[in-house]
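User: I am new to this structure and would like to learn how to read its features one by one. Could we work through them together?

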Amino acid sequence: MDHIATPAVVAAEPEESTARQDSTIAIVAFVAFAAALVVLFRFPPILDYPNHYARIWLLSGGIGEQPFPKIYAVDWNRTFTNVGIDVLAIWLGPLVGADRLARALLFLAIVLPPLGAIGLHRALFGGQHHWQTAMLSLGWCATMIGGFINFQIGLGMALAFACVDLRLQGGNPALVFAWRLAAALLLTVMHLFSLGFYMAIVCGLEFSWRVDILRSKADLTRLVGRLVLALGACVLPPLVLYLRAPALPNAGGNGLALAWNDGVVLILMNLLSAITTYVPLVDVVLVLPLILICTRAARAGDIRIHAGLAVAAGGLLLLSSVSPRHMLGTGWISWRFPIMTALVAMAMVCPFANLTRRQALLLSLVINLAVFGRTGWVGWNWWLAQKDVAAVETVLKNVPAGAAVLPLEHDPETVSSIAYSSRYFFMREETFWHLPTLAVPFSHAFVPTLFTAKGKQPLSVLPAWSEIAVPEGNLLSIGVLSCPAMMQEYKGFTPYLSDWRRRFDFVLVANADIPDRYVGTLMPSGLTLVEDAGFAKLYAIDKAMPAERVSIPAGCAAAS
């Protein structure tokens, strides 16, 4: 017998019935906000971005301008992965210009990971949910602020490809295998870690919604077969590419060069990289409401979870905890897994799908405040950093083409003022380390720290200049020029410091408006101040001056 609603129930229906949730407007607003930030701020405080920009400029045609034909060369046999933006620079750079291409890639690095997670969530749970708006918050994380452009774009590609994979599963096995081969090839070229991410998601989707599959030997056998085929298809492209061009990142002959997150505190800090930008406390406060939404939904019993993706997220969480921090000349490897874990974790759950209109409105308000609060916080830091970028551009106007620029920094003891928040991120990593590489496109000058790592970039330094270049480098304190012990410590992996007076024409000092912890503002004799722009200072080097013995500053003792 059909149920007949009583008048009381009918009267309550407009308020108490399940409300339709819509995340489209928030998604469009976030994408527009991110695009506006990229358009307004040419060089935001994104650690690796200026270095990538300089390389994109060279590959887009700048390498043909003097003096670069004598300094750099392009060799595609140096690597087979992590070259997505390099390939696009060769193909599209000459057509659209290096500046437009670099900004477009930065924009994609921000928006593709959360949009990919949203697409997977919609494919799994159907329709739109306010929880999808919450995923936009993962556009901001340590790997994004670190400027891992290939990696970030690769994450978004992996999630998008997983959506296609989900639709193909259960269909023609040959078609599924061919699709996975193609997806794996594209992901390998973009970034090897993005291929691993795709493999984790595919395994989770093959596992299915429930753990019941583990209770049947026949179902479990079929699952193992499907996983072997999926992983086999994904492993073939990188294996073939490696056999064709066997170049992997290395640590300069120092073996694996492993560094670990030793201890519980460092592991927990590493996990926070999934949500951290400039000041960790601000990020935690703004992300906490999203975590509370899930916990409350779980207590209320209004939450759906994809079991297979939960297993995948658990595996990624384990890798987040046990992976090395540095290995094979590649930094912050352990940062890569927490953001993968977070993306899968948010895509695998659907909290509060059944809400009244008033409850849905409240949920939407909380989520939007958290997401756009974080985006506004990032935007404020990007605006704050523009005076530092302008200072670097000002001093670079005094550098003639063909000059060699030695980049250094003032390394302060502590920086607590919110006015300097844009200069640091996560575990007090500087965001300005690579700003001096803008001397390449802006001044046609040589900087020793442009990314040219074998196994990761196709750009190489020609022999005449390779003696004073490093494949990857950061800024050292100006104290290295005055403190013999510091010079001795660093010159082994920064060969450009040897005989620096003869080999370089200028010293560019970043963060110069804050005293250095070792020598304050003291510079060695034989350096003439050319331009003081506050954050950046430029000194000309007197090459004729002999390297005379001078008294060692008292602060050098702290560097010993």
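User: In which loop does Phe426 lie?

Analyst: This is a predicted model, which applies to each answer that follows. Phe426 belongs to the loop that runs between strand S5 (424-425) and strand S6 (429-430).

User: Is Phe426 buried or exposed?

Analyst: The cut-off for buried is under 20% relative accessible area. Phe426 has 5% relative accessibility, so it counts as buried.

User: What is Ser273 in contact with, leaving aside its neighbours within four places in sequence?

Analyst: With those neighbours set aside, Ser273 touches Cys141, Ala142, Trp335, Pro338 and Phe426. Ser273 itself sits in the loop between helix H13 (264-271) and helix H14 (280-300). At 1% relative accessibility, Ser273 is counted as buried.

User: Now the sheet. In what order do the five strands come?

Analyst: The general idea is that strands of a sheet pair through backbone hydrogen bonds, in either a parallel or an antiparallel sense. Here five strands make an open sheet in the order S8-S4-S9-S11-S10, with mixed pairing. S8 and strand S10 (527-532) are the edge strands, each pairing on one side only.

User: How does S4 pair with strand S9 (residues 506-510), parallel or antiparallel?

Analyst: S4 and S9 pair in the parallel sense, over five bridges.

User: How many bridges join S9 to S11?

Analyst: Four bridges join S9 to S11, and the two strands run antiparallel. Val509 stands opposite Lys537 of S11.

User: Why is S4 described as largely enclosed?

Analyst: Five of the five residues of S4 (residues 405-409) are buried, so the strand is largely enclosed by the rest of the structure. Both of its faces are covered. Val405, Pro407 and Glu409 are buried on one side, and Leu406 and Leu408 are buried on the other.

User: Let us turn to helices. At what angle do helix H11 (residues 192-207) and helix H16 (residues 336-348) pack?

Analyst: The angle between H11 and H16 is about 35°, and their axes are 11 Å apart. Their crossing is right-handed. On the H11 side the contact is made by Phe193, Phe197 and Ile201, and on the H16 side by Arg336, Phe337, Met340, Leu343 and Val344. These residues divide into seven nonpolar, no polar and one charged.

User: How many disulfides does the structure hold?

Analyst: A disulfide is a covalent bond between the sulfur atoms of two cysteines. The structure holds one disulfide. It joins Cys483 to Cys556, with an S to S distance of 1.8 Å. The link of Cys483 and Cys556 is left-handed, with -75° about the S-S bond. Cys483 lies in the loop between S8 and H20, and Cys556 in the segment after strand S11 (537-541), so the pair ties together parts that are 73 residues apart in sequence. Both Cys483 and Cys556 are buried.

User: Where is the peptide bond that is cis?

Analyst: The peptide bond from Gln66 to Pro67 is cis, with omega near 5°. Pro67 is in the loop between helix H3 (49-59) and strand S1 (72-74).

Technical notes:
Residues numbered from 1 in each chain as written. Predicted model: local features only at pLDDT ≥ 70, side-chain atom pairs only at ≥ 80, totals over all residues. Heavy atoms only, no water. Buried < 20%, exposed > 50% of the residue type's maximum accessible area, 1.4 Å probe, protein only. Pairing = 2+ DSSP bridges. Axes fitted to C-alpha atoms, helices over the stretch in contact; angles between N-to-C directions. Left-handed = near helix turned anticlockwise from the far one by under 90°. Contact = heavy atoms within 4.5 Å. Nonpolar A, V, L, I, M, F, W, Y, C, P; charged D, E, K, R; others polar. Disulfide = S-S within 2.5 Å.
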